[in-house]
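Good morning, colleagues. Please have the sequence and the model in view as I speak.

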Amino acid sequence: MNPTTLGQVHAGKPYFHEAAARSAWAVVAVGTIIAMLSCGGEDTTTTPPVEPSRPTTISLQPDTFFVVAGATVNLKSVVEDQRGKLMFNAALTWATSDPAIATVDTAGVVTGIREGIATVTVSAGSISASAAGTIHSQDRRTLMDVFYSAGGGDWTSSENWESHQPVGSWYGVEANGDGRVTALRLSDNGLSGHLPEDLGNMAFLTEVHVDGNEDLAGPIPGSLIELDLQQLHYGRTMLCTVRDEGFRAWLNSIPTREGDFIACIEERSDLIKLYEAMGGEDWENSGNWGTNAPLDSWFGIEVDSVTGRVTGIDLNRNNLKGEVPPEIQYFPHLRLLRLDYNELRGEVPPEIGLLTELRRMDIDGNRFTGRIPPEIGDLVKLEEVWIGGNDMSGPIPAEIGNLANLEILHLYEAPFSGSIPEEFGALTELRVLRIEATRIDGPIPATLGALEKLEVLRMTGNQLSGPLPGELGGLDSLDVLDVSRNRITGPLPPEVGQLDRLRLLILRANMIDGPVPAEFGQLGSLQLISAENNLLSGPLPPELGGLGYLFWLYLQNNPGLSGPLPAELTSLEYLRELIAYETGLCAPTDPEVRAWLNDVVYKWRVPSCGAEAQTGAYLIQSTQSPEYPVPLVAGRSALLRVFVVSEKETAETIPPVRAMFFLNGTEVHAVDIPAGSGTLPTETHPGVMDLSANAEIPAEVIQPGLEMVVEVDPDGTVDASLGVARRIPAEGRAAVEVREVPPLHLTLVPFVSRANNNRQAVSFVAGATENHSMFFQTRTLLPVGEFKIIKHGTVTIDSNSIFDMLAEIGRIRALEQGTGHWLGLNAVAAGAGGVAYLGAHPDPNRGKISMSRLNAETIAHELGHNLNLRHTNCGGAAGIDLTFPYLNARTGVWGYDPRDGGSLVPPDRADFMSYCDPSWVSDYYFTNALRFRLIDPNELEIPSAERTLLVSGGASADGGLHLDPAFVIETSPVVPLFGGPYRLEGRRVDGSELFSLSFEMQEVWDGDGRSGFTFAIPVRPEWELELASLVLAGPNGSVEMREGSEPPMAIMRDPVTGEVRAIFRDLPADPMAPGALDALAPEPGLEIMVSGGLPGVVAWRR
């Protein structure tokens, strides 16, 4: 017996006489025992003869069977003799009723020949048994696949389907005499689902009629190509054809074919082709790619919720490599394609022009070569395009002018050539047009003047030439006009004065000539005029005084500009920067103009009208300029330098000098400088100390209102024919500009990281004084008079990142009602030597925070950022101040180092706001930092505390946003004074707005491009119950925070002083029992606050 074989029979059950066999063996065994017991010498009984076994019963298992034509089934016979014993060696004869239907061999193996019914008989002598068999068509299995795949249970007619009747009797099936299917006629029969791929296994099939089944979809089975199909009817279905040219050719060759060519959806396999072509194995994120998971769970893939079609591919910054394959064309529903900032190479395939539903395409920041495919002009629904940051070249296709729905177009940082197509004038929906850092030349098309919705026009860093077209004056929506760094010539068109909404006008680094049009005074929204490095000429029109919102006016390096600044400019109460060096413009000495420059404009560089360079005598503290005198800081000593010169060569030496100083008309100090040993020079030598008469002037003399008189050769010993000036000034007294600056209060916060427990900063702060050498650069290179340090207790945190420490300082300062400047210190902080926020007038809380390692120059550098000083261009620093007047970040003038008896500092030193050494401070930056300090609010008085919500967060270099856990605390409010591109919203459970703040984040200088913020927002009573989430939104997206949504954060502070002593973020995510954090506290008895997002009930009721 072979139960396994029998188990494969289509119907019936396998059978095996195991019990009978055991019984037979038992009888034999008992007989043997009896025989043994009967043996003996005295028994002479004769045993009767045993009757030979003969078959008396026979059966077949199974007694009914089903087998497919061409397949086999094994039938088993069971034979018993007259005593009911199994016979294993009986002679058997096998036969079938119709060998044309089925055959059987001597072992009982039945082979199906063709569809039909046959009886198999087995005989043993005069007895026999039979089994009724049904032989199925070879095509039955395929037909059953059709039934199940195409929703057979819901068909209109399905007679005999799934039965054992001949397939030719099944509804809609025609078969030949062998039961092979020749035709399927299932038109208008309610088929749904799809046709199985094995449909082509029915080798005799010549006709398929499935038309009129509107819910039947999927691909026409590719296996049909092996058949000699004569008719194929699939009209009024959703059956589709695969993208195979051979298959389509075969379809066209069918003598009778009815149905449309509908392209199949092969998006899953096409995505795999993208994955393979673009180096998917090395992607930073490839979650679920290549799996059977729904496509919308594949990283970067968006699908339509109804159709399931791919609508978005967003793989930006994902380490894609290789080339974009032509299969990109097979996503006809794609609305978003972002492949930007990867390592893709080759040419952009022209097939991309087939994505006619595309709304946004970002392919910038790769290594593409070749030209922009003109087929992009076929993407008529496109709204936003980013192309650039690569090696693409050639002209900009005029076909882009066909994109009637285009709103944003960026073409940048690539060697594109040719001119701007005139056809761009047809882009009537365009809001942003940016063509930057290319080789595009020729004129700016006048047709751009028709773009009434254009808000931003940036064409900087190209090779554009010709005049600025007056037609641009018709751009009524224009907000930004930037044509800097081109070859534009000719005068400025007065029509630009019609741009009522223009905020930024950037014209620098061209060859624009002629006057500044008076019509520019009509630009009531204008905030910036950047027209430096041109050929402008003539006086400034007084109409510029009407620019009530102007913040920045840059005119430097226009040698043809001339005349005094118009008095009307004093109406510009928001002007913060006025730069006009290397022009013929000058600042009147009129008190009103001077007061406006000193009290309103904190960054300006304009020579005084009628003033001569102060070459005879001057006072210097850290730096001084003969042409642009640097004000002195009150209460800080200065070096007097008197330059005595002869009109002709002489052997006489420098005579004695007497200097007298006056305050409020009273002489307060006089100094006699002995005769020098050097020969009288014929010109000044500011770089040689011995060729000037020098004296240290005490700090108490340097006060506002200071005047000075210098008498040279008071005893008259020098030959009068040498023409030596005997008195400076020739008459009266020389006014010395001295400014009283606010005290610099600097709170020092030593940080200890649990990552390394380095405590060098703790030791330094403990022993630090205001006169410590670590603060020499701060007290010397910055406009600092009174200097006071406040020592904060040690703060312990998890991280060793200098960026994290900077963020914690902001949080601590807000929590502790901090005032003045705060400087964090850690000797081995990672990520940078120092970081800081840039100071910004008039917000007293912006730019008061910095972080540094224990380095004197770095500390001064970061505090310089706090005083609104940007970088100078040396050493690879980012954020360069384009108004800095000296090449290569040089200081440009002689400085003075008071250490070790005093020494001169040459003008070729790098400014300390660069990344180069050795460094000193330029006159430009010292003066600007001084003016900033005079205007910057001196908020030393602690504002009153109230209940606030402490919220902080930031943006990464690529714009990714985050929110830190929030806390309810009692402190002084810290809220933004001005709006900006970021928005913080408090929302209720239903998503409605509870409160909102618009603001600009503070960029971290000397960092990696990240930015941050900290606010203490006054709370209202209803927030405890209604505030469900905080949402931070910006240009690149948004994030939402709820209670418990963030990794927990703990703030530990001294309950008596309120000082924060630790901030921990590396905490268990699970709820913590009371006292669980006590072991982490750097000292016992600290108050511990924990938040994992929005404050919970306990925090609100603390």
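One term is needed at the outset: a residue counts as buried when its relative accessible area is under 20%, as exposed when it is over 50%, and as partly exposed in between.

What you see is a predicted model. Its mean pLDDT is 92, with 95% of the residues at 70 or more. The stretch to treat separately is residues 1-43, where pLDDT stays under 50; for these residues the model has 33 contacts beyond four places in sequence.

How many disulfides does the structure hold? There are 3. When the bonded cysteines are numbered in sequence order, they pair as 1-2, 3-4, 5-6.

Let me begin with Cys-240 and Cys-264, whose disulfide has an S to S distance of 2.0 Å. The torsion about this S-S bond is about 100 degrees, so the link is right-handed. Cys-240 belongs to strand 16, residues 238-240, while Cys-264 sits in the loop between strand 17 (256-258) and helix 5 (267-277); the bond therefore ties together parts that are 24 residues apart in sequence. Cys-240 has a relative accessible area of 7% and is therefore buried. Cys-264, at 9%, is buried as well.

I turn next to Cys-586 and Cys-609, which form a disulfide with their sulfur atoms 2.0 Å apart. This link is right-handed, with 90 degrees about the S-S bond. Cys-586 lies in strand 41 (residues 584-586) and Cys-609 in the loop between strand 42 (603-605) and strand 43 (617-620), so the pair ties together parts 23 residues apart in sequence. Are these two cysteines buried or exposed? Cys-586 is buried, at a relative accessible area of 14%, whereas Cys-609 is partly exposed, at 22%.

The remaining pair is Cys-874 and Cys-916, with sulfur atoms 1.9 Å apart. Which hand does the link of Cys-874 and Cys-916 have? With -90 degrees about the S-S bond, it is left-handed.

Key. Residues are numbered from 1 along each chain as its sequence is written. This is a predicted model: local features need pLDDT of at least 70, side-chain atom pairs count only at pLDDT 80 or more; totals for chains, interfaces and linings use all residues. Side-chain values use heavy atoms; hydrogens and water are left out. pLDDT is the predictor's confidence in each residue, from 0 to 100. Contact means heavy atoms within 4.5 Å. A disulfide is a pair of cysteine sulfur atoms within 2.5 Å. Helices (H or I, at least four residues) and strands (E, at least two) are DSSP runs, numbered from the N terminus. Buried means under 20% relative accessible area, exposed over 50%, partly exposed in between (1.4 Å probe, protein chains only).
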